[in-house]
Amino acid sequence: MKVTLAKTAGFCFGVKRAVDMVYKEAEKGSKVYTFGPIIHNEEVVDDLASKGVGLIHTIEELKGITEGTIIIRSHGVSKEIYDIIKEQGLKLVDATCPYVLKIHRVVKEHSELGHYIIIVGNDSHPEVEGIKGWCENKNHSVIKNADEIEHLKIPEEKTICIVSQTTYNYKKFQDLVEIISKKGYDIIVLNTICNATEERQTEVRQLAKESDAMIIIGGKHSSNTQKLYEISKLECENTYYIQTLRDLDLEKLQSFRSVGITAGASTPNNIIKEVHTACQK
Ligand code: F3S
């Protein structure tokens, strides 16, 4: 059986940077909390917990903390959360991915100019929650499909600034932009899809075309892993979504001549390696 591991499998630059920052802070000995799980990966989150890294989820919990360090994860957060960290006198370690920080800057600037912000992405995703928190005056909408465009109520004279969640599908983003541009608004489009995502998506599509079976490794809540799965499944019927080697039916794989493997941006290297090695046996 031919086993091919995608070159783009695993941690992207932003996630690697964020995880490294948490481990570095944890070594310092002071109380450390991450605002939300640092990545969508249970193994890594459990390991950090065993090193004493606390996990907070809500603004209320944040308000209850009086000392220590708060680490903001790569997804980023709203302006309100930075303000609370400051008010509480807590130390801030900002592990927001620089590409996400760029979106925050762009939406802040454009909404200050009075432009209407359209965020293409998943409304409930933490990254989008954070981006919304940088739009002034609630002048924004989040859309993820063409139907939602029809329900937008934007004053005609408004300039629209369109950005995207970093992990959004590039092709779908282009399609939605095209629909909006036909509505006659004055639009400014900023493709804020991260290259890491695009490259991983392009590679999985190609690999899935060439393989009899595909293995996609990642946490079940990881949206970028889910997208990899969707893309792969379109090209290769035998696509399997697993979190770790435990979920993989190795016996079933034996019936395939070629197997491709890739992993989401938050999948640790040791998990990928374990799956890769097991498939080669
Ligand atoms: Fe950043 Fe792109 Fe990763 S936005 S967190 S490098 S997927």
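Predicted model: local features only at pLDDT ≥ 70, side-chain atom pairs only at ≥ 80, totals over all residues.
Is Glu150 buried or exposed?

Figure 1. Glu150 is part of helix H7, which covers residues 146-150. Glu150 counts as exposed because it has 10 C-beta neighbours inside 10 Å, and the cut-off for an exposed residue is 12 or fewer. The C-alpha atom of Glu150 is separated by 47 Å from that of Glu274. Along the chain, Glu150 and Glu274 are 124 residues apart.

**Figure 2. Three domains of the protein chain, as given by the domain assignment.** Domain 1 is made of two stretches, 2-10 and 196-280. Domain 2 spans 13-96, and domain 3 spans 99-189. Between the C-alpha centres of domain 1 and domain 3 there are 31 Å.

**Figure 3. Contact between domain 1 and domain 3.** On the domain 1 side, 6 residues take part, and they are in contact with 6 residues of domain 3. Helix H9 (195-210) and helix H10 (223-235) are the elements that give two or more residues to the side of domain 1 that touches domain 3. This side of domain 1 holds 4 polar and 2 charged residues, and no nonpolar ones.

**Figure 4. The open sheet of 4 strands.** The strands follow the order S3-S2-S4-S5, and their pairing is parallel. At the edges stand strand S3 (54-56) and strand S5 (91-94). Each of these has a single partner strand, so one side of each is left without a neighbour in the sheet. From one strand to the next, the twist averages 30°.

**Figure 5. Pairing of strands S2 and S3.** Strand S2 consists of residues 32-35 and runs parallel to S3. The two strands are joined by 3 bridges. Phe35 has Ile56, in S3, as its bridge partner.

**Figure 6. His40, a position in the UniProt "binding site" annotation.** The annotation comes from an unreviewed entry and covers His40, His75, His125, Ser222, Ser223, Asn224 and Ser266. His40 is located in the loop between S2 and helix H2 (42-50). His40 counts as buried because 24 C-beta neighbours lie inside 10 Å, where 20 or more are needed. Apart from neighbours within four places in sequence, the contacts of His40 are Gly219, His221, Ser222 and Ser266. Ser222 and Ser266 are also among the positions in the UniProt annotation.

**Figure 7. Ser223, another position in the "binding site" annotation from UniProt.** Ser223 belongs to helix H10. With 23 other C-beta atoms within 10 Å, Ser223 is buried. When residues up to four places away in sequence are not counted, Ser223 touches Asn122, His125 and Thr167.

**Figure 8. Glu127, the position of the UniProt feature "active site".** Glu127 lies in helix H6, formed by residues 126-132. Glu127 has 24 C-beta neighbours inside 10 Å and therefore counts as buried. Leaving out neighbours within four places in sequence, Glu127 is in contact with His75, Gly76, Val100, Gln165 and Thr166.

Technical notes. Residues numbered from 1 in each chain as written. Domains from an automatic or database assignment. Contact = placed C-beta atoms within 7 Å. Nonpolar A, V, L, I, M, F, W, Y, C, P; charged D, E, K, R; others polar. Pairing = 2+ DSSP bridges. Axes fitted to C-alpha atoms, helices over the stretch in contact; angles between N-to-C directions. UniProt positions renumbered as here; feature names shortened; annotations may be inferred.
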